[in-house]
Amino acid sequence: MRYIEFRDSIQKALKRKPNGLTWAHLRDQLSLPYDRPCPEWTRQMEQKIGLKRDRAKTGRAMLWRIVRVKT
């Protein structure tokens, strides 16, 4: 899987769920082939598509969401 495919699939999933999803939910829903997200790709998505990761209110998981969409 290339970065662009990864980014686009994450972006589509998070647009459908504006309150966000955890990495585990994204990985399972999208059948991603990675146990953990690539830190470099994650940083790129933070800059390019407005990805924001915050601690979920319950538990230790990070909640992924889109805070702005750059065109």
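**Figure 1. Salt bridge between Asp28 and Arg27.** In this predicted model, the side chains of Asp28 and Arg27 meet in a salt bridge, with 3.3 Å from N to O. A salt bridge here is a side-chain nitrogen of Lys or Arg within 4 Å of a carboxyl oxygen of Asp or Glu. Asp28 is exposed, at a relative accessible area of 54%, whereas Arg27 is partly exposed, at 24%. Buried means under 20% relative accessible area, exposed over 50%, and partly exposed in between, with a 1.4 Å probe and protein chains only. Because the model is predicted, local features need pLDDT of at least 70 and side-chain atom pairs count only at pLDDT 80 or more, while totals for chains, interfaces and linings use all residues. Residues are numbered from 1 along each chain as its sequence is written, and side-chain values use heavy atoms, with hydrogens and water left out.

**Figure 2. Other salt bridges.** The salt-bridge count comes to 5. Arg7 forms one with Asp8, and their closest N and O atoms are 3.0 Å apart. Asp8 is partly exposed, at 30% relative accessibility. Lys52 forms a salt bridge with Asp54, with 3.9 Å between the closest N and O atoms. Lys52 is partly exposed at 36%, and Asp54 is partly exposed at 26%. A network of salt bridges links Lys52, Asp54 and Arg65.

**Figure 3. The open sheet.** Three strands form an open sheet in the order E1-E3-E2, with antiparallel pairing. The edge strands are E1 (21-22) and E2, each of which pairs on one side only. Strands (E, at least two residues) and helices (H or I, at least four) are DSSP runs, numbered from the N terminus. Two strands pair if DSSP finds at least two bridges between them. Strands of a sheet pair through backbone hydrogen bonds, either parallel or antiparallel. E2 and E3 run antiparallel and are joined by 5 bridges. Arg53 stands opposite Trp64 in E3.

**Figure 4. Helix H3 and its buried side.** H3 spans residues 39-48, and Trp41, Thr42 and Met45 are buried in this helix. These residues cover an arc of only 100° around the axis, which puts them on the same side of H3. The arc is that of the directions from the helix axis to the C-beta atoms. An α-helix has 3.6 residues a turn, so residues three or four places apart point the same way. Pro39 and Gln47 are exposed on the other side of H3. The cover over the buried residues of H3 includes helix H1 (3-16), strand E2 (51-55) and strand E3 (62-66). After H3 comes Gly50, whose phi is positive, near 80°.

**Figure 5. H3 across the sheet, with Thr42.** H3 lies across E2 and E3 and runs at about 115° to E2. Axes are lines fitted to C-alpha atoms, for helices over the stretch in contact, and angles run from 0 to 180 degrees between N-to-C directions. Thr42 is located in helix H3 and is buried, with a relative accessible area of 2%. Apart from its neighbours within four places in sequence, Thr42 is in contact with Pro37, Leu51, Arg53 and Trp64. Contact means heavy atoms within 4.5 Å.

**Figure 6. Aromatic pairs around Phe6.** A search of the whole structure finds 6 aromatic pairs. Phe6 and Trp23 form a tilted pair, with 6.1 Å centre to centre and 50° between the planes. This pair links distant parts of the chain, as Phe6 is in helix H1 and Trp23 is in helix H2 (residues 23-30), 17 residues apart. Phe6 is buried at 0% relative accessibility, and Trp23 is buried at 10%. The rings of Phe6 and Tyr34 have their centres 5.9 Å apart and their planes at 80°, so this pair is edge-to-face. Phe6 in helix H1 and Tyr34 in the loop between H2 and H3 are 28 residues apart, and their pair also links distant parts of the chain. Tyr34 is partly exposed, at 24% relative accessibility. Rings of Phe, Tyr and Trp (its six-membered ring) pair if their centres lie within 6.5 Å; planes under 30 degrees apart count as stacked, over 60 as edge-to-face and the rest as tilted. Ring pairs link Tyr3, Phe6, Trp23, Tyr34, Trp41 and Trp64 into a cluster.
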